[in-house]
Amino acid sequence: MNKFLSFMREAVSCYHATKEIEEILAEAGFEGLVENKAWELENGKKYYVKRNDSSIIAFATPKGKTSYGINICASHSDSPSFKIKPNSLLKSEGYLRLNTEVYGGAILNTWLDKPLSVAGRVIVRENNSITTKLVSIDRDLLVIPNIAPHMDPKVSKGKEYNPQIDMMPLLACGNNDLSIEGILAHEMHVKEEDILDFDLILVNRQRARILGYNNDLVMSPQLDDLASAYTTLRGFLEADNSEAFNVYVCFDNEEVGSRTRQGAGSKFLFDTLERALTNLGYTAEEYKAILANSFLLSADNAHAVHPNLPQFTDQLNKTFINEGVVLKYNANQSYTTDSLSAAYIQMLADEAEVKMQKFANRSDVRGGGTLGAISSSQVSIHAADIGLPQLAMHSSCEVCGIKDLDAMVRLCKNYFNHKLVIKNDNTIELIK
């Protein structure tokens with residue numbers, strides 16, 4: 001649990017999350033690849049490749065040529081937040097504020113009256129090169145102040161917050177000649193004129209912690225989806241399967257639709273799988289046959305029953321914290337789970353003695369989607385959507401259960417320990 005908490009505390013942006021995952025993979029013996037150079041892969045070896053420093057794919061190759069399917073598990077590295085605009089400083093009424101815009105479906109009022117900071121990547125000039133550096137300003141730097149009910153009575157009666165008016169974070173008081181580039185230069189020990197651009201988000205300074213009378217809950221920013229990203233990674237690394245092709249994926253930009261070169265809607269996964277198998281000597285025909293024999297596990301957190309508002313959950317398909325991993329269903333295919341893929345995951349869970357729960361939205365609630373359906377449109381294989389039950393999804397701080405974290409690790413470990421055979425597109429055989 002301490003390693004999980006440490007990961008959550010360090011993974012303050014999609015770039016930092018990818019860096020933490022990369023370091024865990026490197027420590028486990030995975031070799032880094034780059035997309036713009038030829039690959040020379042070997043059977044029985046382990047590799048990873050990044051794109052945009054915010055998405056990462058790791059794969060363990062089988063010891064010899066195989067006809068078994070590929071076991072893939074995908075999660076995402078980004079979370080709802082606020083992104084700092086290029087021209088970023090607002091000076092008015094004796095205050096200095098940052099100019100931001102909402103990233104993803106953030107619950108706006110959860111960002112109010114909290115110590116905030118800034119993290120992400122900065123593009124820096126070094127001689128004749130352009131380099132990327134990560135930054136996380138480790139101090140209480142900003143606050144988005146609420147308005148008192150004496151001035152706006154709506155604030156305590158369901159006020160609707162305007163991102164352009166109500167949500168600009170306060171940086172300083174008085175007449176300051178500050179610039180975001182100057183602040184970054186000071187923190188990073190570089191020249192201000194060498195800072196060319198940046199991708200920065202606001203960070204809730206309240207970091208991961210255990211809570212609850214029984215110490216069985218975790219509260220942290222970005223549990224959606226870093227909790228799944230971490231636990232599926234642990235299951236991937238703890239598995240021991242030398243005969244199957246196992247793949248771990250963590251995409252960026254799920255919260256804004258995945259339609260980027262590093263998102264699930266890109267060809268990042270398809271290109272990586274094709275390059276890897278071609279490099280290992282598989283023909284195009286063999287590659288397509290193996291894909292048809294493969295499976296995608298899309299891991300993105302799920303809604304637990306709310307303790308105060310249970311009426312927002314379907315009366316039968318409800319899930320609870322610390323009661324197991326969730327299988328997610330949707331008639332309109334926001335989730336990829338169908339009866340065949342659900343049965344496969346349920347058998348794996350039974351074998352690993354992992355409790356499973358089933359979730360579907362109320363029929364009058366649209367609900368959210370995941371990267372599973374988008375990934376399947378690029379790599380067309382059988383798939384199921386799973387997740388950890390949590391509260392306050394898309395809040396600046398969320399809650400999940402400790403027992404469920406362990407359950408996800410055990411389920412994914414067993415998933416990666418199996419070799420997959422799909423017969424006639426309607427029968428799945430489990431081989432361990």
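## Close-up views of a predicted model

Lys419 is a buried residue, with a relative accessible area of 5%, and it belongs to the first of several close-up views of this structure, which is a predicted model.

**View A. Lys419 and Glu243 form a salt bridge.** The closest N and O atoms of this pair are 3.7 Å apart. Glu243 lies in the loop between α4 (223-238) and β13 (245-251), whereas Lys419 lies in strand β21 (residues 419-423), so the pair ties together parts that are 176 residues apart in sequence. While Lys419 is buried at 5%, Glu243 is partly exposed, having a relative accessible area of 44%.

**View B. Arg51 and Asp271 form a salt bridge between a strand and a helix.** Here the closest N and O atoms are 3.9 Å apart. Because Arg51 lies in strand β2 (residues 46-51) and Asp271 in helix α5 (residues 268-279), the pair ties together parts that are 220 residues apart in sequence. Arg51 is buried, with a relative accessible area of 10%, and Asp271 counts as partly exposed, with a relative accessibility of 23%.

**View C. Asp199 and Lys83 form a salt bridge between two strands.** In this pair the closest N and O atoms are 3.2 Å apart. Asp199 lies in strand β10 (residues 195-204) and Lys83 in strand β5 (residues 81-92), so parts that are 116 residues apart in sequence are tied together by the pair. The relative accessible area of Asp199 is 18%, and this residue is buried because the limit for that class is under 20%. Lys83, by contrast, counts as partly exposed, at 30% relative accessibility.

**View D. Glu22, Lys50 and Asp53 are linked in a network of salt bridges.** Side chains of opposite charge can pair when their charged atoms come close. In this view such pairing links the three residues Glu22, Lys50 and Asp53, and a search of the whole structure finds 19 salt bridges.

**View E. Helix α3 has buried residues that are covered by strands.** The helix spans residues 180-188, and its buried residues are Ile180, Ile183, Leu184, Ala185 and Met188. An α-helix has 3.6 residues a turn, so residues three or four places apart point the same way. What covers the buried residues of α3 includes β5, β6 (95-103), β7 (116-126), β8 (129-136), β9 (170-173) and β10. Just after α3, His189 takes a positive phi of about 60°.

**View F. A cis peptide bond joins Asp224 and Asp225.** The omega angle of this bond is about 15°, and Asp225 lies in helix α4.

**View G. Asn322 and Glu353 each have a positive phi.** Phi of Asn322 is near 65°, a positive value in a residue other than glycine, and Asn322 lies in the loop between β15 (302-303) and β16 (325-328). Glu353, also a residue other than glycine, has a positive phi near 55° and is found in the loop between α7 (339-352) and β17 (356-359). Asn322 is buried, with a relative accessible area of 11%, whereas Glu353 counts as exposed, at 68% relative accessibility.

Notes:
Residues are numbered from 1 along each chain as its sequence is written. This is a predicted model: local features need pLDDT of at least 70, side-chain atom pairs count only at pLDDT 80 or more; totals for chains, interfaces and linings use all residues. Side-chain values use heavy atoms; hydrogens and water are left out. A salt bridge is a side-chain nitrogen of Lys or Arg within 4 Å of a carboxyl oxygen of Asp or Glu. Helices (H or I, at least four residues) and strands (E, at least two) are DSSP runs, numbered from the N terminus. Buried means under 20% relative accessible area, exposed over 50%, partly exposed in between (1.4 Å probe, protein chains only). Contact means heavy atoms within 4.5 Å.
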